[in-house]
Amino acid sequence: YARIGIPHCPVCGKEITSQSVDQIVDSLMGQRSGTRATILAPVVRERKGEHEKILERIRKEGFTRARVDGEIVLLNEEPVKLEKTFKHTIEIVVDRIVIKPDSESRLAESIELALSHGEGLVVALLQEDGASEGEEQLFSTKLACPDHGISIEELEPRMFSFNSPFGACPSCNGLG
C-alpha cells in the first residue's frame, strides 16, 4: 500500500499513537469500582467464512467462551455453525473480571493475553452494577489518542470506500 494518512483524534485533533498495556490497564482501572469487565480478543473481524478451524483452535487453547457476531457462546457445548456467505466477527472471551483496587495485576495479565491473541487489539465490554446494557471500548497497542483514549484500527483503503461496510455511512449504509 501507499501510505493512507496520519490518523487524528476526532475530539482534540491530536495525532493518534499507540497505547501500552499499562495505559490500557490504567484506563480500565479508572472505571467505577464494581464495574464488570469482559476482556475480549478479536480474532476475526467482519470476514466471510465458517471459521471452523479458528473456533476449534480457540477451544483447544482452553478458552470456554467466545463472542460470535455479538453473542456470547459456550465453545465446550455444541459446535458453532456459521454461514459461509455472511461476514462474521469472532472474539475470544479472555476474562470476566470485576474492577476493584486489587484487580490490577489480573487485569494486566488478561490484557496482555488478549493483545497477543487479538494482534494488538483488545475489546473491553464494561457493564456497571445493575445496568442491562454495557459499554464497549476498543484499545489498540497500535493506534489510540493518549488524552481521550479513543482507539482506531490501522487505516486501510476499505475504510474510505462507500462500497465497503467499513467506510460506509452508518446511517444509510453507503446508499445515500
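Among contacts in the chain between residues at least 6 apart in sequence, what share joins residues at least 24 apart? It is 65%. Keep that in mind as we go through the fold. One caution: this is a predicted model.

Start with the whole chain. It has 3 helices and 6 strands. Read along the sequence, they follow the pattern α-β-α-β-β-β-α-β-β. Along its principal axes, the C-alpha trace spans about 45 × 40 × 30 Å. Of the 176 residues, 34% are buried. The accessible surface comes to about 10700 Å². Carbon and sulfur atoms account for 48% of that surface.

Now the strands. Find β1, residues 36-48. Its partner β4 covers residues 87-98. The two pair in the antiparallel sense, over 10 bridges. Look for Arg36, which stands opposite Val98 in β4. β1 also pairs with β5, residues 121-127. That pairing is antiparallel too, with 5 bridges. Here Ala37 stands opposite Leu126 in β5.

Next, the hairpin. β2 is residues 65-68, and β3 is residues 71-74. They run antiparallel, joined by 4 bridges. Arg65 faces Leu74 across the pair, standing opposite that residue in β3. How many residues lie between β2 and β3? There are 2. Asp69, in the turn, has a positive phi of about 50°.

On to the inside. The largest nonpolar core has 29 residues. Leu28, Ile39, Leu107, Ile111 and Val122 have the most contacts inside this core. Several elements give two or more residues to the core: α1, β1, α2, β2, β4, α3 and β5. The largest share, 5 residues, comes from α3.

Take Val122 from that list. Leave out residues up to four places away in sequence, and Val122 still touches Ile24, Ile39, Leu40 and Pro42, among others. Its contacts also include Ile111, Ala114, Leu115 and Phe139.

Last stop: Ser110, in helix α3. Is Ser110 buried or exposed? The cut-off for buried is under 20% relative accessible area. Ser110 has 6% relative accessibility, so this serine counts as buried. What does Ser110 contact, leaving aside neighbours within four places in sequence? The answer is Ile39, Val94 and Asp95. Ile39 is also one of the residues that Val122 touches.

Notes:
Residues numbered from 1 in each chain as written. Predicted model: local features only at pLDDT ≥ 70, side-chain atom pairs only at ≥ 80, totals over all residues. Heavy atoms only, no water. Pairing = 2+ DSSP bridges. Core = buried A, V, L, I, M, F, W, Y, C linked by side-chain atoms within 4.5 Å. Buried < 20%, exposed > 50% of the residue type's maximum accessible area, 1.4 Å probe, protein only. Contact = heavy atoms within 4.5 Å. Areas by Shrake-Rupley, 256 points an atom, 1.4 Å probe, with all protein chains shown as cover.
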